[in-house]
Amino acid sequence: MEHVADLRAAVSAAALKLHALSDRSALRSAPGKWSAREIIGHLVDSATNNYERFIRAQTEDHFTVTGYSQEDWVRIGRYQDANWDDLVTLWRTFNLQIARVMEATPEAALSRRLTGSNAVTLQELMVDYVRHLKHHLAQISADDQTAKTTQVADSPKG
Ligand code: NI
């Protein structure tokens, strides 16, 4: 259950930093790259799809994990136009709900093997969900550092 504590810690540590990004959340580190808004949007999509997996894997005997077209979800979700504070709150509170489901998942369900492209146990799917979330949070931090460095380099002298 280490991944549940890990999820809660990652989400609460990130929430304040994310809100502080404010308008910088719409910036792209390079053309064609996701902005922080789109990355958090992608994490909302990941939460949406995985929440369903975490529940259905407990209610169906042979649950098959299917993928989703991530770029399309981000585009159709229109996260770039979203209110940033609302989006961060959606992401944070959705993940608190996911943590509540994770911590109550019985051992027998956790060791259940799933089929499909992700032929892992439910436990491994949950661990991977948290790893993926942390990977993208690190990406947002790295992009913001790049943006700040670039701004300093571009600012006129004197
Ligand atoms: Ni991703």
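**Entry 1: the α2/α4 crossing.** I started with how α2 passes α4, and the crossing is left-handed. This is a predicted model, so I keep that in mind throughout. Next I looked up the axes: those of α2 (residues 36-59) and α4 come within 10 Å and cross at roughly 25°. An angle under 35 degrees counts as roughly parallel, so α2 is roughly parallel to α4. Then I checked who makes the contact. From α2 I noted R37, I40, G41, L43, V44, A47, Y51, F54 and I55. On the α4 side I found W84, L87, V88, L90, W91, F94, N95, I98, V101 and M102.

**Entry 2: α4 by itself.** Does the length of α4 agree with its residue count, or disagree? At 1.5 Å a residue, its 20 residues (84-103) should span 28 Å, and I get 29 Å between the end C-alpha atoms, which agrees. Which residues of α4 are buried? I listed L87, V88, W91, N95, I98 and M102. They cover an arc of only 95° around the axis, so they sit on the same side of α4. I recalled that an α-helix has 3.6 residues a turn, so residues three or four places apart point the same way. Turning to the other side of α4, I found D85, D86, T93, L96, Q97 and R100 exposed.

**Entry 3: the whole chain.** I zoomed out and counted six helices and two strands. From the N terminus they run α-α-β-α-α-α-β-α. The C-alpha atoms fill a box of roughly 65 × 30 × 25 Å along the principal axes. Of the 158 residues, 24% count as buried. Last, I looked at contacts with a separation of 6 or more: residues 24 or more positions apart account for 76% of them.

Definitions and conventions. Residues numbered from 1 in each chain as written. Predicted model: local features only at pLDDT ≥ 70, side-chain atom pairs only at ≥ 80, totals over all residues. Helix = DSSP H or I, 4+ residues; strand = E, 2+ residues; numbered from the N terminus. Buried ≥ 20, exposed ≤ 12 C-beta atoms within 10 Å, placed from the backbone. Contact = placed C-beta atoms within 7 Å. Expected span 1.5 Å × (residues − 1). Arc of directions from axis to C-beta. Axes fitted to C-alpha atoms, helices over the stretch in contact; angles between N-to-C directions. Parallel < 35°, antiparallel > 145°, perpendicular 65-115°, else oblique. Left-handed = near helix turned anticlockwise from the far one by under 90°.
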